[in-house]
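Trainee: Please take a close look at the aromatic pairs in this model. I would like one connected account.

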Amino acid sequence: MANAGLTYEGIKLGEQYGPYKYPMKDRIGPLLEAISNAHPWQHGRSPWGPSVAPPSILGTICLAFIDSIAAIPAGTAHVAQTVLTQAALRLDRQPIAYGAFTEKFERDGQNLAIFEARVRDETGLLVGHARSTLAFSVAASKHDAPTERKGHLESITRTVSAGQMSAFSQDVPNAGGAMLAADYISEMMTGVLGKDWFENAEMSLQFPGSIQAGDTLTANGKLHSETLEGAVLHRVFEVWAENQNGEAVAVGTAGSLVIPPIATLGA
């Protein structure tokens, strides 16, 4: 499919692609500026030494990887994304991805395909995995009726400009807009989980609605579960991002493994 447009019919399941070297050093600055993410670990020193990228960047890498194999055509929707991290992605290292299309199927009149990628850095360290679901030739996106959602996390609210949309389109012209919402949720989870979010993030989102320039998006969430797994605590949150009309543009879960307080360990 190289140098041609991506088509549902042309996808060969299991065919391996890579290595794909994402141009992190050139792209991370504009992307962080586009989402107005000023967290100091992403602009200066971090607990790992150099600056690090937010875990949500794995989703952007996955989409850009697909687009390098075959251009994602207009009319294709990015309907779901899962990212898992095994290590913080340092900005002084080169991310290198390998992947394959693992599923394609029809659902609700749509042709969908799933691409899974694993990402290492230039030292060979496994940074994480990403899973993107694309829907081909879908009708114009329609939001579900607004649903009242009550979160208790420190929310992120930002208005999306045309310039921000343009910054994302440089990586994935036709399927990357939803990642704005994913990045806001990732930034919110940084405030909740801190260092553990970068090293052990797990975020699975669906994108039921589109994002337009001028929309004001709010990311929020609430605790779903806490499970003690050996010496660590597995915390999972219900998360979402919605526009100014209360319509969801991203919904799903996010969490990580964390070291619990001593009192919890002794309970």
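Mentor: What follows goes through the aromatic pairs and then turns to one helix packing.

The model is predicted, so local features need pLDDT of at least 70 and side-chain atom pairs count only at pLDDT 80 or more, while totals for chains, interfaces and linings use all residues. Residues are numbered from 1 along each chain as its sequence is written, and side-chain values use heavy atoms, with hydrogens and water left out.

The structure holds seven aromatic pairs. Rings of Phe, Tyr and Trp (its six-membered ring) pair if their centres lie within 6.5 Å; planes under 30 degrees apart count as stacked, over 60 as edge-to-face and the rest as tilted. One of the pairs is Y8 with F136: the ring centres are 6.0 Å apart and the planes stand at 65°, so this pair is edge-to-face. Y8 belongs to the segment before β1 (17-21) and F136 to strand β7 (residues 126-136), so the pair links distant parts of the chain, 128 residues apart. Helices (H or I, at least four residues) and strands (E, at least two) are DSSP runs, numbered from the N terminus. Y8 is buried at a relative accessible area of 15%, and F136 is buried at 9%; buried means under 20% relative accessible area, exposed over 50%, partly exposed in between (1.4 Å probe, protein chains only).

Y8 has a further neighbour: K104 lies over the face of its ring, at 5.1 Å from the ring centre. A charge sits over a ring if NZ of Lys or CZ of Arg is within 6 Å of the ring centre and within 35 degrees of the ring normal.

W48 and F198 have ring centres 5.6 Å apart and planes at 50°, so their pair is tilted. W48 lies in the loop between α1 (24-34) and β2 (52-53), and F198 in helix α5 (residues 195-200), so the pair ties together parts 150 residues apart in sequence. Both W48 and F198 are buried. Y20, F65, F101 and F115 form one aromatic cluster.

The loop that holds W48 also holds H39. At 24% relative accessibility, H39 counts as partly exposed. H39 and T190 are 8.9 Å apart in space, C-alpha to C-alpha, and 151 residues apart in sequence.
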